[in-house]
Amino acid sequence: MAQIMGDQVHIWILTGWMKINGSDSALIRASLITEDTTHYCIGTVVAKRECWSFLKGGFVLTAPSNLSTIYFQNTDDREISIAITSASLQPFTEQQWSLNQQYRINKERKRAVTIHVSDRQGGRLQGVTVTVEQVSKDFPFGSAIAKTIIGNLPYQVTMVLGQTTSLYIQDYENWTSIKEKHKLMEFPSILLQNWFVNRFNAAVFENELKWYITEPKPGQLNYALADQMLEFVRSNQIIARGHNIFWEDPRYIPSWVLDFTGSELQSAVNARIQSLMSKYKDEFIHWDVSNEMLHFDFYEERLGLNATLHFYEMAHQADPLATLFMNEFNVVETCSDIDSTVDNYISRLKELKRGGVSMDGIGLESHFSVPNRPLMRAILDKLATLELPIWLTEVDVSHTLNKETQAFYLEQVLREGFSHPSVKGIMLWTALHPYGCYEMCLTDNDFNNLPAGDMVDKLLQEWQTGYMKGETDERGSYSFYGFLGEYKVTAKYGNRTTNSTFSLNRAMYYTLRKVVEYESVRNYARQYLDKPLQRQQTCMS
């Protein structure tokens with residue numbers, strides 16, 4: 001039992017070491033009951049009989065509690081005894097939590113930069129006007145896109161009207177009157193493209209690479225939509241994730257595949273991998289190979305336990321440069337789904353890697369309702385011990401909440417993800433359609449920001465260096481603290497100007513020199529790497 005009081009303290013981190021008797025291993029769940037609420041799951045761990053396993057979780061209380069009880073329970077009906085040692089319950093205020101996030105962001109996402117300006121003889125120049133502008137970001141932040149991004153308006157209008165039309169729109173300023181005349185809910189792709197490119201540097205196709213789209217009937221391959229969408233990301237220098245090669249959920253498997261078994265099914269999946277991966281070799285930085293395998297197992301039921309191993313092997317052989325991901329839901333969103341607890345995710349990933357799989361990415365879908373920030377951080381910390389890049393791949397907040405609440409919780413998720421050193425990219429699941437979005441939209445169909453869109457724009461502005469201007473000091477130096485990415489710099493002294501570019505990255509030391517006429521611009525960025533993350537479990541698997 002724990003007494004939890006105080007108006008300012010309401011974020012709690014729970015840690016402890018656990019061991020069991022009565023079974024070789026068991027999934028232990030921590031729950032919290034207060035006078036007003038029950039938190040069904042605030043942390044889980046697979047505890048074992050002969051060694052100690054580390055549980056880390058947490059919870060948020062919105063009101064003081066005079067009497068709160070934390071329970072540790074086995075998730076099935078077996079009778080076991082649970083031993084706990086070094087248990088800790090650590091409180092944080094909102095301000096402390098926020099300051100810690102900002103510290104982590106400054107440490108992981110930014111670096112100190114000093115630009116020295118000198119003449120050709122090496123003499124430092126004081127009073128040089130220096131302007132610095134970040135032109136691209138190192139951290140991938142993007143969103144899902146759908147066929148609505150394609151610049152083919154007649155096709156879109158035909159889809160909405162349900163009939164062939166000769167409507168071609170050259171002047172997009174007339175779109176509002178045309179939309180009203182034809183009672184359309186669609187929007188011109190050029191506006192969506194501009195809106196997207198102005199914000200994001202990464203994309204993922206919502207459905208257009210999935211098997212049921214690219215091969216709706218056996219042998220009838222159609223990559224037209226994906227090709228056009230790929231042209232859009234290429235032309236705008238946007239990186240793209242490949243989603244997905246297979247989806248284990250039978251609801252999203254081509255209907256003609258569902259009755260296949262044995263050699264017939266094996267032939268079909270082999271053809272799928274070869275067709276997709278050969279066509280798009282080197283185009284996508286990632287591939288989600290066997291989507292949501294912790295919850296569904298269509299292919300392994302029919303092809304045997306090595307089916308997933310085979311998928312990864314073939315995908316790696318077809319596109320060795322792509323990072324192969326294990327993409328799953330309810331890993332970071334909650335701990336109440338016993339199919340996808342963090343330990344189950346880690347166990348399955350290690351099992352595949354022991355089988356020789358080249359899988360080097362952790363994909364967390366991140367479809368949230370009410371986020372539990374300390375639990376999210378605890379799960380990310382545990383996954384980080386694998387020393388693989390973590391991506392939040394499909395971030396959104398449930399449509400059951402109003403738009404203002406969606407934006408509030410989305411900000412919590414994004415700040416938690418961006419501040420974690422092992423998270424290497426974030427993708428929103430906000431592809432826009434005439435009917436809306438999967439769970440959450442950033443804008444309406446006229447591209448007016450909704451609350452979630454305003455919040456994303458605020459964070460994008462906060463997480464970039466922007467335009468800076470100043471003068472060199474008596475040492476000929478101009479210093480600033482900038483986000484990782486590409487920069488252009490201009491130094492103006494009298495009637496002479498020199499321009500240069502540099503990359504601010506994670507290398508320990510970076511030097512750039514550019515000489516134009518009598519001046520040179522030299523950039524030094526001293527960079528500090530985090531210490532390696534330590535393993536959290538003494539039970540080794």
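**View 1. Helices α7 and α9 cross with a right-handed sense.** Here a crossing is right-handed if the near helix is turned clockwise from the far one by less than a right angle, and left-handed if anticlockwise. The model is predicted: local features need pLDDT of at least 70, side-chain atom pairs count only at pLDDT 80 or more, and totals for chains, interfaces and linings use all residues. Residues are numbered from 1 along each chain as its sequence is written, and side-chain values use heavy atoms, with hydrogens and water left out. Helix α7 spans residues 262-279, and helix α9 spans residues 307-318. Helices (H or I, at least four residues) and strands (E, at least two) are DSSP runs, numbered from the N terminus. The two axes come within 9 Å and cross at roughly 30°. Axes are lines fitted to C-alpha atoms, for helices over the stretch in contact, with angles from 0 to 180 degrees between N-to-C directions. α7 and α9 are therefore roughly parallel to each other. The cut-offs are under 35 degrees for roughly parallel, over 145 for roughly antiparallel, 65 to 115 for roughly perpendicular, and oblique for the rest.

**View 2. Side chains at the contact of α7 with α9.** From α7 come Gln266, Val269, Asn270, Ile273, Gln274 and Met277. They meet His310, Phe311, Met314, Ala315 and Ala318 of α9. Contact means heavy atoms within 4.5 Å. By class, this contact holds seven nonpolar, four polar and no charged residues. Ala, Val, Leu, Ile, Met, Phe, Trp, Tyr, Cys and Pro count as nonpolar; Asp, Glu, Lys and Arg as charged; the others, Gly among them, as polar.

**View 3. Helix α7 and what covers its buried residues.** α7 has 18 residues. From first C-alpha to last, α7 reaches 26 Å, close to the 26 Å expected at 1.5 Å a residue. The expected span is 1.5 Å times one less than the number of residues. Buried in α7 are Leu265, Ala268, Val269, Arg272, Ile273, Ser275, Leu276 and Met277. Buried means under 20% relative accessible area, exposed over 50%, and partly exposed in between (1.4 Å probe, protein chains only). The cover over these residues includes α5 (211-214), β12 (239-247), β13 (286-291), α8 (298-303) and α9.

**View 4. Helices α1 and α12 pack at an angle of about 45°.** α1 covers residues 94-109, and α12 covers residues 403-418. Their axes are 9 Å apart. α1 and α12 are therefore oblique to each other. In α1, Trp97, Gln101, Ile105 and Arg109 take part. Their partners in α12 are Arg415, Glu416, Gly417 and Phe418. The contact divides into three nonpolar, two polar and three charged residues.

**View 5. Thr400, in the loop between β17 (390-397) and α12.** Is Thr400 buried or exposed? Thr400 is exposed, with a relative accessible area of 61%. Ser369 is 31 residues away along the chain. The C-alpha atoms of Thr400 and Ser369 are separated by 8.2 Å.

**View 6. Backbone exceptions at Asn244, Asp282 and Glu387.** Most residues other than glycine have a negative phi, and most peptide bonds are trans. A cis peptide bond joins His243 and Asn244, with omega about -10°. Asn244 sits in strand β12. Asp282 is not a glycine, yet its phi is positive, about 70°. Asp282 belongs to the loop between α7 and β13. Glu387 also has a positive phi, about 60°, and is not a glycine. The loop between α11 (373-384) and β17 holds Glu387. Glu387 is exposed, at a relative accessible area of 60%.

**View 7. Ile346 in helix α10 (residues 342-354).** At 9% relative accessibility, Ile346 counts as buried. Which residues does Ile346 touch, not counting those up to four places away in sequence? Ile346 touches Lys382, Leu383 and Leu386. Ile346 and Lys382 are 36 residues apart in sequence but 8.9 Å apart in space, C-alpha to C-alpha.

**View 8. Leu192 in helix α4 (residues 189-197).** Leu192 is buried, with a relative accessible area of 7%. Asp446 is 254 residues away along the chain. The C-alpha atoms of Leu192 and Asp446 are separated by 9.4 Å.

View 9. The chain has 541 residues, and buried residues make up 52% of them. Among contacts with a separation of 6 or more, 76% are between residues 24 or more positions apart.
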